[in-house]
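Please walk through this structure with me, one part at a time. Keep the sequence and the 3D view side by side.

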Amino acid sequence: LATLAQLETLPGVVAVHAVQVFKPDNGAAVPYVGAPQAWTASGLTGKGVIIADIDTGIDYYHANFGGSGKPGDFTYGFAHSTAVPAHDANGTTVAFPSAKVPIGFDFVGDAYDAAAPAGSPKLIPHPDPNPLDCPANLGGGHGSHTAGSAAGFGVVANGNTFSGPYNSTIYANNTFNVAPGAAPEATIYAYRVFGCSGSSDVVAEAIDQAVKDGANVINMSLGSPFGRADDPTAVASQNAVNSGVVVVASAGNQGPNAYLVGSPSTANGVISVAAMDASRPTFDGAAIGLAAGTITGIDANGGPLPVTGPIKVLKNTDGTISLGCGASEYAGATGTIVVTARGTCARVDRATFGQAAGAAAVIMVNNGAGLPPFEGPIPGVTIPFIGVLQADGPKLVAANGATVTITAATVPNPAYQSTASFSSGGPRNGDSAPKPDVVAPGVSILSTGVGTGTGGVFMSGTSMAAPMVTGSAALVRQAHPGWTPNAVKAALVGTADASASLMKSFNARLDGAGVIQDQSATTTVAYATTSDQLDSLAFGYQPLGGAFSETKSFTLHNTSTSPITYSLSPSTGSFGSALTFSPATVTVPGGASADVAVTISLSAAAVSALPSADTFAVGPGAVATVRGAVVAMPSSSGTGIYPLRIPFLLAPRPLSNVTAGAHTPYTNHANVFSATSPLTNSSTVFAGTADVYAWGLTGPNTVRRLDDTEVVRAVGVQSLAGGATASDKTLVFAINTWGRWSTPSSNEFDVAIDTNADGKTDFFVVGFDLGQFLSGSWDGRYASFTLDAAGNIVDAFLADAPMNGSTVELPTFASDLGLSSAKPTFSYAAAGFSVENGSADFVPGTAKFNAFAPTISTGDFLTIPAGKSATLGLTLDRHRFDTAPALGWMVVSLDDANGAAQAELIPVGKLNPQR
């Protein structure tokens with residue numbers, strides 16, 4: 001049980017805890033998406049529909065899938081997990097194939113991990129015909145959980161498999177250990193593509209097999225961030241859609257910043273699913289009575305309160321609160337209330353270690369905004385485990401050693417009915433098409449607990465939201481067996497609901513059309529599609545020098561025998577004034593379709609007034625979007641006639657156009673050369689900037705494809721007054737690329753620095769995703785890290801690295817590199833690395849720079865109004881030029897067009913002799 005937290009390492013899982021006494025959360029999530037209404041009104045339960053779950057396998061011994069419900073049978077089965085047929089512990093009763101899980105395959109074996117080091121035997125798959133999931137203590141259970149949410153029968157309190165009937169009254173009439181999935185009578189084909197832990201690169205093979213085996217719907221609660229439409233698994237998924245299979249995939253758990261939504265959900269025809277919190281409006285909480293005032297938090301474990309004891313803050317050597325990731329840190333904790341910090345290790349470890357050391361309770365200080373997630377009880381732990389705000393950390397440190405009492409309290413859930421904080425943000429990497437498509441419950445979801453026989457486990461993630469939609473798609477498929485995958489997708493997207501009764505703070509960039517509603521999707525007689533199968537209007541990335549107008553279209557389909565008339569309008573608060581419709585009112589005859597053209601028009605003034613970033617994003621470098629949904633509102637009511645929603649999204653970037661002319665002839669004063677260069681901003685709408693660097697390196701254009709965004713064109717460095725001390729300097733490296741990235745986090749840029757002229761690297765300044773560097777999870781925030789030669793972090797700063805850009809600016813302190821006025825000169829080399837495709841670009845040569853007395857002028861910053869010009873003064877010290885030469889001046893304009901335009905290069909040219 002102590003290793004149950006390994007489940008958190010699986011793709012798509014944010015957290016996992018075992019169930020004790022809480023209400024089954026599939027019993028909340030499934031009704032939230034309207035599945036029971038579809039069961040009751042239409043008799044739709046998924047019967048006859050085949051769902052392929054491509055995941056970690058399935059525990060077919062569990063009662064949720066009609067198995068024996070005996071943990072001993074699972075233990076026996078895992079010991080013989082390559083055998084088919086698979087038997088119960090008696091060795092005679094066949095557990096697989098079964099009526100619920102008649103087909104499956106293990107593509108990899110237990111030890112497989114695609115992320116293992118080169119040469120590791122774990123890289124070699126060992127397939128076998130048995131898709132049994134791994135035990136929880138080895139890291140398994142993810143696939144059993146997702147399969148249960150999609151199509152589990154349900155398990156009642158006595159441990160028996162629920163046999164129906166399925167209707168909206170079952171929650172009042174039964175007590176469930178594990179509530180039914182969205183399509184409880186669907187058949188499950190289980191395809192295992194993960195070892196007991198780690199990553200996979202055989203997903204495409206499983207997709208192909210599911211198609212060959214005749215699956216109707218595929219669920220993939222997995223993914224890779226920075227997803228594009230042409231990623232291999234996205235292409236395989238699109239091929240499955242084109243072959244007649246509905247494909248559903250999780251959007252990812254990298255948070256709300258842009259371009260993080262994961263592949264394969266980024267394929268046009270795949271339904272990409274975001275996660276929301278539909279768990280509960282309030283939490284069981286705790287009030288901690290400090291002398292400075294009471295603070296409140298979430299009691300995740302539901303341990304008995306009140307508790308009294310002395311505060312024991314686990315501390316790092318620098319006095320900050322320790323993560324508490326090692327059992328030895330809890331020595332001497334008997335009877336105390338231990339305080340730790342969230343991060344790195346699984347949250348449950350702190351509670352487990354604390355209880356083992358005799359602590360009365362454990363408090364975990366959050367490492368981000370808000371309270372930590374509420375996940376339910378922790379296996380084997382009976383003491384309170386309380387999560388508090390990051391701002392409460394200093395108060396607890398100040399109370400270290402004081403005796404306090406913790407009492408029970410009720411804590412509001414501010415995230416209730418909101419997009420989950422971990423849910424990956426769109427739009428799609430590369431072209432800014434709208435993704436995700438819809439949102440479903442994905443926080444604190446209780447479903448099948450692998451190896452428990454009859455029990456459940458709580459998990460959170462978009463992995464948990466995707467099977468809700470998969471089961472819903474099975475219901476639509478059952479209702480309309482002749483519909484194409486695009487029609488099924490369009491029904492789910494078009495009938496989604498973003499109203500305040502279901503969702504707070506709706507954002508189409510994060511939530512697509514809104515929360516799926518099965519009762520509408522299964523009975524709708526109409527749906528809206530687009531020719532590219534996105535079923536949304538993709539105005540895409542647009543660099544704008546002024547006003548903008550573009551027209552897209554969608555098609556309304558009426559499957560009934562009577563005409564339906566719709567009026568077209570934008571959803572409220574979605575830049576609606578920018579949209580016009582042709583026609584604005586359309587009648588769709590019975591059994592026919594009609595096209596609607598949607599034009600988005602922005603004046604130059606409207607473009608210039610756009611917000612610089614989406615307020616739903618985190619940190620610098622967020623993308624601005626014009627987004628929302630077109631609503632087709634029917635003029636009449638009737639069975640199966642609903643309003644239809646068609647999401648739209650535009651990712652604009654206002655452009656300046658700053659150019660630098662050749663410098664004037666030098667004037668030589670005591671070997672200090674002076675010149676000027678004219679700067680002109682030819683944009684008539686947008687102001688531009690000019691940020692001056694010493695140009696040191698240049699690289700050739702070797703871009704071969706759109707995702708070669710790491711290819712470096714030019715590198716420069718500037719020196720600014722001040723740093724760690726007044727006598728220090730701040731150095732900023734500018735790296736300009738030939739191509740355009742959607743997010744800088746899809747690349748790593750390294751500047752290798754030699755401070756003692758021995759030809760060896762002493763330090764690195766690295767541009768990289770902040771979340772991945774610090775915690776192993778991409779989050780779309782770009783940072784500049786200073787590392788020593790051994791890779792130890794020296795310092796870190798947020799970088800200036802715009803979305804949809806071509807230039808990053810990476811700051812560091814001269815003192816961080818061991819430089820001073822007595823030791824001012826260093827040489828540097830640069831390289832770019834693509835996170836997406838693994839390619840690398842090494843810039844030819846090395847450059848030198850004097851951090852405290854630059855050879856040429858740097859650090860000037862000019863703002864140039866639209867249609868205006870300015871003069872840039874240039875100086876060059878001929879005395880120092882031979883020891884730290886430069887190619888010239890690099891004038892960075894981040895708001896210019898992508899590529900070379902963002903870094904105007906002014907060569908030094910010919911110098912007169914010294915005198």
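**The barrel and its surroundings**

Seven strands form a closed barrel in the order β12-β13-β17-β16-β15-β14-β18, with mixed pairing. Strands (E, at least two residues) and helices (H or I, at least four) are DSSP runs, numbered from the N terminus. Two strands pair if DSSP finds at least two bridges between them. This is a predicted model: local features need pLDDT of at least 70, side-chain atom pairs count only at pLDDT 80 or more, and totals for chains, interfaces and linings use all residues. Residues are numbered from 1 along each chain as its sequence is written, and side-chain values use heavy atoms, with hydrogens and water left out.

Look at β16 (residues 361-365) and β17 (residues 385-388). They pair in the parallel sense over four bridges. Here V362 stands opposite F385 in β17.

Now move to T530. This residue lies in the loop between β22 (526-529) and β23 (537-544). Is T530 buried or exposed? T530 is buried, with a relative accessible area of 7%. Buried means under 20% relative accessible area, exposed over 50%, partly exposed in between (1.4 Å probe, protein chains only).

Next, the loop between β18 (403-412) and β19 (438-441) holds Q417. Phi of Q417 is near 65°, a positive value in a residue other than glycine. S432 is also found in the loop between β18 and β19. Its phi is positive too, near 60°. S432 counts as buried, at 0% relative accessibility.

Finish with the cis peptide bonds. One joins F96 and P97, with omega about 0°. Another runs from S582 to P583, with omega near -5°.
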